[in-house]
Amino acid sequence: MKLSDEMQRVVREQRLGFVATVTPDGLPNLSPKGTTRLWDDERLFFADIASPGTVANLRANPHVDVNVVDPILRKGFRFKGTATVYTSGEMYDHGLRILREQGSTTNRERVRSIVVIDVTDAAELVSPAYDDGATELAISQRWIDYYTGLHRLELPHD
């Protein structure tokens with residue numbers, strides 16, 4: 001399926017996708033992937049840097065669910081599809097090029113594989129915080145304030 005401009009924007013901006021797979025014994029596995037990117041307007045991908053469990057699960061069962069959400073706006077998308085793992089060759093090299101072009105400092109030696117996901121279905125994710133009529137501005141300000149307070153750095157005093 002073709003990814004809408006809004007879907008593509010969210011993936012480009014967030015870069016963190018939560019990838020859900022199923023283990024060979026049928027248990028769920030959820031793993032964050034900080035290299036989640038657009039491959040083209042129908043596919044996503046991520047680099048396997050430290051993902052041996054996720055990749056093993058995908059080799060046994062290529063079905064995958066990827067959630068990419070803006071934590072400030074509390075909106076995003078759920079992408080369903082099938083994954084293919086590339087450990088060398090043109091597809092692997094192309095994935096590395098995309099990462100490099102987008103400013104990734106991950107070196108080739110750390111990337112064990114490139115996982116390309118053919119998206120077959122996508123749905124919008126919207127927090128119930130909007131159910132009472134809250135605006136994006138109000139939701140954003142609430143979460144900016146929260147994260148600013150949570151990560152407030154103490155500056156050294158002279």
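What follows is a short walk from one selection to the next.

A word on ground rules: this is a predicted model, where local features need pLDDT of at least 70 and side-chain atom pairs count only at pLDDT 80 or more, while totals for chains, interfaces and linings use all residues. Residues are numbered from 1 along each chain as its sequence is written, and side-chain values use heavy atoms, with hydrogens and water left out.

**Stop 1: the annotated span.** Select residues 3-119, which an unreviewed UniProt entry annotates as "domain: Pyridoxamine 5'-phosphate oxidase N-terminal". UniProt positions are given in the numbering used here, the feature name is shortened, and such annotations may be inferred rather than shown by experiment. The span is 27% helix and 40% strand, and its end C-alpha atoms lie 8 Å apart. Helices (H or I, at least four residues) and strands (E, at least two) are DSSP runs, numbered from the N terminus.

**Stop 2: helix 1.** Now pick residues 5-14, which make up helix 1, and colour Met7, Gln8, Val10 and Val11: these are buried. Buried means under 20% relative accessible area, exposed over 50%, and partly exposed in between (1.4 Å probe, protein chains only). The four cover an arc of only 160 degrees around the axis, which puts them on the same side of helix 1; the arc is that of the directions from the helix axis to the C-beta atoms. These buried residues pack against strand 3, strand 4 (43-48), strand 5 (63-70), strand 6 (75-86) and strand 7 (113-126), where contact means heavy atoms within 4.5 Å.

**Stop 3: two arginines with positive phi.** Step on to Arg15, in the loop between helix 1 and strand 1 (17-22). Most residues other than glycine have a negative phi. Arg15 has a positive phi of about 65 degrees although it is not a glycine, and Arg15 is partly exposed, at 32% relative accessible area. Then jump to Arg74, in the loop between strand 5 and strand 6. Arg74 also isn't a glycine, yet has a positive phi of about 60 degrees; with 22% relative accessible area, Arg74 counts as partly exposed.

**Stop 4: Thr36.** Select Thr36, in the loop between strand 2 (28-33) and strand 3 (37-38). Is Thr36 buried or exposed? At 3% relative accessibility, Thr36 counts as buried. Show the side chain: one of its polar atoms lies 2.8 Å from the backbone oxygen of Lys33. Leaving out residues up to four places away in sequence, Thr36 touches Val11, Arg15, Leu16, Gly17, Phe45, Phe46 and Val68.

**Stop 5: helix 3.** Helix 3 has 13 residues and reaches 18 Å from its first C-alpha to its last, close to the 18 Å expected at 1.5 Å a residue; the expected span is 1.5 Å times one less than the number of residues. Colour the buried residues Tyr92, Gly95, Leu96, Ile98 and Leu99. Looking down the axis of helix 3, they fall within an arc of 160 degrees, so they line one face of the helix. That buried set packs against strand 3, strand 4, strand 6 and strand 7. The face turned away from the buried side carries exposed Glu90, Arg100 and Glu101. Just after helix 3, Gly103 takes a positive phi of about 90 degrees.

**Last stop: Leu99.** Zoom in on Leu99, which is buried with a relative accessible area of 3%. Not counting residues up to four places away in sequence, Leu99 touches Thr35, Arg37, Phe45, Ala47, Ser104 and Ile114.

Note on methods. A polar contact is a pair of N or O atoms within 3.5 Å; within protein, one must be able to donate a hydrogen and the other to accept it, and residues adjacent in sequence count only if both atoms are side-chain atoms.
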